[in-house]
Amino acid sequence: MKKEYSKIIYILFKKELMSYFNSPIAYVFIGVFLVVGNWLFFNSFFIIGQASMRGYFSLLPWMFLFLAPALTMRLWAEEKKSGTIEFLLTLPLTDWQVVLAKFLGALVFLFFSLLLSLTIPFSAAWLGNLDLGPVIGGYLGALFLGGSYLALGLFISSLTKNQIIAFILGLAACFIAFIVGADFVLAGAPAALAPVMRFLGLGSHFNNIAKGIIDTKDVIYYLSFMFLFLWLNVRVMEKRSWK
Amino acid sequence: MNPVVHTYNSMIEIKNLTKKFGQNLVLDNLSFSVAKGEILGFLGPNGAGKTTTMKIITSFWPATSGSILIDGLDTAANSLAAKGQIGYLPETVPLYEDMKVSEYLRFVAEIRGLTKDKIKPRLKEVRTICGLVKVWHRPIDELSKGFRQRVGLAQAIMHQPNILILDEPTTGLDPNQIVEIRDLIKTIGREKTVIFSTHILSEVSATCDRVIIINNGRIVGQGTPGELEKNYGSLEQAFRELTK
């Protein structure tokens, strides 16, 4: 039973992953990600003259802010628009299986894009003396942060059948979740709320990991964030409560 | 859960099915059953509740009240088992446009749980039954409407379900295609329980064992095509009078 359960997820996951490469999305996404990423890095790399990726990892969350909702916007919206949702939800599957397969498909695609961007640390290490700790932390943090964006974006996509709306709302939601713990927001927030907001923000946890400090607290935070939105997504599917 | 002991041989049993969208009553206490091996034609004007009924039978939508038994299993409590018994072709044929016909149907076979050794022969079989040999390696978004319909039908019969639910499988097809799809339904329907909805009345007398006519979410008439023709003169007359 257990094996069957994960096998179904795997079959769906495979199809989801394939559909990125069957459409221009994969190539546009990877192209933009690599060009912008490399430009951001090397632009400052030679000016600062330091083999460090700190600047890169402070910009990465902002790049993901646009790229993650672009990946998730169609995942539910398109199924609803084209009617394939009726096929998908009348198959003998649980809603969790479908949600997990879509999430994992997006996550693995993001992982793949990150792998391709490893040319940046390799050239930095070749040109100078790169401190590996923050780099590994940065990539790990990027994966956690990206996963959180994807879970949130996927949930937003489940609420609408319009991809553009899914993208814009996804972008706004990710932006709020990222920014809520940032210093300049906290400065204006009531003192009692500030620690809570710092804890809730996706960004503050990313900064910790990107410094190379991998704290279980941050990891648990990211995992719960992802779980929360995947769970909400399942609720939406169960209730068939979309527009 | 209580095991359901059934002495009847009805494959689908619908009891007091009601569906509301907000204040809007779409299905009003609908009850009927379909016997094993029967081909049931589902008639009614647009908006009568045909599609809604089918979406509830296939567990796509929940019912507001009432129950549906698929081979004795309540779909609300056993939705996975019930879904496994049904092949469903919705009105908007659900195809992944970016896939090739072969890719799509292989995916359907896999997700329907066919074992590895059975997938290949079954795909071959379905390809022949549904006449898909010519378009097998073509992307779905390049297919004509007739072929899309056939791919949709292939999807629905892939796992050899006992029950087929087909929502207007012949709309938008040309007369030749209509005859082809109709023959296909008749062939497939020989050993299956089929419910299909349609607006084409000649199709009904050609394919159906029994007809149910619904209007405003209620059953307004039923019988064999022969009976209806006898009582009302023609099927068209029956439809006109019962759904006025």
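Predicted model: local features only at pLDDT ≥ 70, side-chain atom pairs only at ≥ 80, totals over all residues.
1. Helix α3 of chain B covers residues 101–111 and helix α4 of chain B covers residues 116–129, and their axes come within 10 Å and cross at roughly 130°. The two helices, α3(B) and α4(B), are therefore oblique to each other. From α3(B) the contact draws on Leu105(B), Arg106(B), Ala109(B) and Glu110(B), while α4(B) supplies Ile119(B), Arg122(B), Leu123(B) and Val126(B). By class, the residues of this contact of α3(B) with α4(B) are five nonpolar and three charged, with no polar ones.

2. Staying with α3(B), its buried residues are Val101(B), Tyr104(B), Leu105(B), Val108(B), Ala109(B), Glu110(B) and Ile111(B). In an α-helix there are 3.6 residues a turn, so residues three or four places apart point the same way. Leu105(B), Ala109(B) and Glu110(B) are among the buried residues of α3(B), and these three also belong to the contact with α4(B). After α3(B) comes Gly113(B), which has a positive phi, near 85°.

3. One open sheet of chain B has four strands in the order β2-β1-β4-β5, and its pairing is antiparallel. The edges are taken by β2 (24–35) and β5 (73–74) of chain B, each of which has a single partner strand, so that one side of each is left without a neighbour in the sheet. Within this sheet, strand β1 of chain B (residues 10–21) and strand β4 of chain B (residues 65–70) run antiparallel and are joined by five bridges, and Ile12(B) stands opposite Ile70(B) of β4(B).

4. The pairing of β4(B) with β5(B) is likewise in the antiparallel sense and rests on two bridges, with Leu69(B) having Asp74(B) of β5(B) as its bridge partner. The hairpin that these two strands form has two residues between the strands, and in it Asp71(B) takes a positive phi near 50°.

5. A further open sheet of chain B has six strands, in the order β6-β7-β8-β3-β9-β10, and here the pairing is mixed. Its edge strands are β6 (86–89) and β10 (218–223) of chain B, and since each has a single partner strand, one side of each is left without a neighbour in the sheet. From one strand to the next the twist averages 15°. Strands β7 (residues 163–167) and β8 (residues 193–197) of chain B run parallel and are joined by five bridges, and Leu164(B) stands opposite Val194(B) in β8(B). Packed on this sheet is helix α1 of chain B (residues 50–57), which touches β3 (39–43), β7, β8 and β9 (210–215) of chain B and whose direction makes about 145° with that of β7(B).

6. In chain A, the axes of helix α2 (residues 25–48) and helix α3 (residues 54–82) come within 10 Å and cross at roughly 165°, which makes α2(A) roughly antiparallel to α3(A). This crossing of α2(A) and α3(A) is right-handed. The residues in contact include Phe29(A), Phe33(A) and Phe41(A) from α2(A), and Leu59(A), Met63(A) and Leu67(A) from α3(A). The contact of α2(A) with α3(A) has eleven nonpolar and three polar residues, and no charged ones.

7. Helix α3(A) also packs against helix α8 of chain A (residues 163–179), at an angle of about 140° and with the axes 8 Å apart, which makes α3(A) oblique to α8(A). The crossing of α3(A) and α8(A) is right-handed. Among the contact residues are Leu65(A), Phe66(A) and Met73(A) of α3(A), together with Phe167(A), Leu171(A) and Phe175(A) of α8(A). The class counts for the contact of α3(A) with α8(A) are 14 nonpolar, three polar and two charged. Ala70(A) of α3(A) takes part in the contact with α8(A) and also in the one with α2(A).

8. Where the two chains meet, the contact takes 19 residues from chain B and 17 residues from chain A. On the side of chain B that touches chain A, the elements giving two or more residues are α2 (79–85) and α3 of chain B. The residues on that side of chain B divide into eleven nonpolar, four polar and four charged.

Definitions and conventions. Residues numbered from 1 in each chain as written. Chains lettered and ligands numbered in written order. Axes fitted to C-alpha atoms, helices over the stretch in contact; angles between N-to-C directions. Parallel < 35°, antiparallel > 145°, perpendicular 65-115°, else oblique. Contact = placed C-beta atoms within 7 Å. Nonpolar A, V, L, I, M, F, W, Y, C, P; charged D, E, K, R; others polar. Left-handed = near helix turned anticlockwise from the far one by under 90°. Pairing = 2+ DSSP bridges. Buried ≥ 20, exposed ≤ 12 C-beta atoms within 10 Å, placed from the backbone.
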